[in-house]
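Hi everyone, thanks for coming. Let me put the structure up, and then we'll walk through it together.

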Amino acid sequence: MSGLTEVAGTADAVPGQASHAKRYRIIPARYPLRSAGTVFGILLLLAIAHSTLSNPRWGWDVFAQWFFAEPVLVGLGRTLLLTLLGTFFGFILGTALALARVSGSPLLAAISWGYIWIFRSTPLIVLLLLLNNLGYLYPVISLGIPYTDLEFFSTSTTQFITPFVAAVLGLTLNKAAFSSEIIRGGILSVEQGQLEAAAALGLSRRRQAFRIILPQAMRSILPTAFNEIIALAKGTSQVYILALPELFYTIQVIYRRNLEVIPLLMVATVWYLVILTVLSAVQQQIERHYARGALREPPPSLFSRWRGRAQVAAQSSVPTATSPALARSASIQGGAIEIQNVSKSFGTLRVLEDVSLTLPAGSVTAILGQSGSGKSTLLRTINHLERVDSGFITIDGAFVGYRQVEDRLYELKEKDILLRRAETGMVFQTFNLFPHLTVLENITEAPVATGRLSEAEAVAQARELLARVGLADKEAAYPRQLSGGQQQRVAIARAMALRPKVLLFDEPTSALDPELVKEVLDVIKDLARSGTTLVIVTHEIGFAREVADRIVFMEGGRILESGSPEQIFNAPRHPRTAAFLAKVL
């Protein structure tokens, strides 16, 4: 032990020891088997290249003669056209089938499933032959009003469905069946919280699908989708059965005439390699685009650098001074919430039972209770993310999710619910920020999409909100590049961007480390003075005591007690409330 101590002490004591150590040369560990494998691989590749290039039977002179020959290029062009059309129409139809499969309509889901079952089971070559002989089954194709003599268009099937049209139809129908399952899998891979966050912001169904869900689903869709496109490019060779002169059929015709089979097969092989190399390069760039926000430090590309400079220039042109939007946001008036006899069940599980509560405008209410007591479900019924089984909720006298006609309540359509929901902001326990959008884009998305603000006003407001929550320097960052506390503050700013009457918080600090809790609670304390009605589900008892002007205690889906913080914490009336507080205080 003494020897070790002397060495350690000498290293610290000798002047110039660190500079002397810089002269040492680091020798990496050696792995003889790896080196031997590398040498063997190089020798094997050299042997294959020498055998291929030096063997005259490969016929490289014939290869060079036919590689750019006009018939080959014409066949190549037809192959590319078939690939392009089959991919375009196949993925459009596949997207429609995938959306039908995940829709709430049992009929649409059944039709989609039946289509996929039939066309995935039918070999492509059989499908091509059926389409090419469709004229035998239906000699005439006509368009008109069914069951009447009114006809707008009529033609011979054999004239309409040429071999080229049959090839495009066959490739489209076949590819749609496979691509629909790829797209459906991508949609299902997106977290449910992303849908809830988009719905809570009042984004339309179309906006949710094409702005939030599909861009994230593309990360799962792209690798398999490009495999299908590459398979389609090679699968076009099967249209030879229709005597359609694409690349492979053209090569067959040529080598049957001159008997130079191997050189001409190599012509086809190299052209397929070129096609697939280009497709792979395109795949890499598209994947890089949709990987935004997936990595903390995504690798830059030429296009992203140019786009980044353009975005900076565009953002710098937006005025940072207070806009009319900010002036309006400074005078937010909270909404009064009325909850009357609300009940909710999930199957046989009763989650809420005859809950009634009145929350004045501008009030701050903290809901306490053990896990499973119905706190979060009650919160989600306020903005109609959960539909109640009975009872009703109003905000400033307007029913949430319903319209009143005399003594009846009719549930609103989804688009009308989304418009009402925009008045009730929500901050989720797990943030639910959109990972593929920057911080600034997360905040501006809903105000612009709902038409409440112009893009310039939304950007100015977002910057003011980011400054308010202490994140003015993070507008260009992606959520994954932020800490948990920073992400939650962005989520609060996003909810505030719609200037809601009511702001709901679902355990906003439970997913955070203890040292990050304070920065989020400080923001909520500031909000409590803004006039917005706040409803907070929380386990932070000290925070609830300090900020809330009303405490609600729930258990078993019921409200057991409600009152001021002084009354609840100092003299609870219900014995279960007293027992709960005794454990957490």
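A quick term to begin: two strands pair if DSSP finds at least two bridges between them. Helices (H or I, at least four residues) and strands (E, at least two) are DSSP runs, numbered from the N terminus. Please keep in mind that this is a predicted model, where local features need pLDDT of at least 70, side-chain atom pairs count only at pLDDT 80 or more, and totals for chains, interfaces and linings use all residues. Residues are numbered from 1 along each chain as its sequence is written, and side-chain values use heavy atoms, with hydrogens and water left out.

Let's start with strand S5 (residues 364–368), which pairs in the parallel sense with strand S13 (residues 550–555) over four bridges. Within S13, Arg-550 is the bridge partner of Thr-365.

Both strands belong to an open, mixed sheet of six, ordered S10-S11-S12-S5-S13-S14. Which strands stand at the edges? They are S10 (424–427) and S14 (558–563); each has a single partner strand, so one side of each is left without a neighbour in the sheet.

Now the core, meaning buried Ala, Val, Leu, Ile, Met, Phe, Trp, Tyr and Cys residues joined through side-chain atoms within 4.5 Å; buried is under 20% relative accessible area, with a 1.4 Å probe and protein chains only. The largest nonpolar core has 76 residues, and Ile-382 is one of those touching the most other members. Helix H12 (residues 205–235) gives the most to this core, 11 residues. Apart from it lies another core of 47 residues, including Val-459 and Leu-516.

Notes
Buried means under 20% relative accessible area, exposed over 50%, partly exposed in between (1.4 Å probe, protein chains only).
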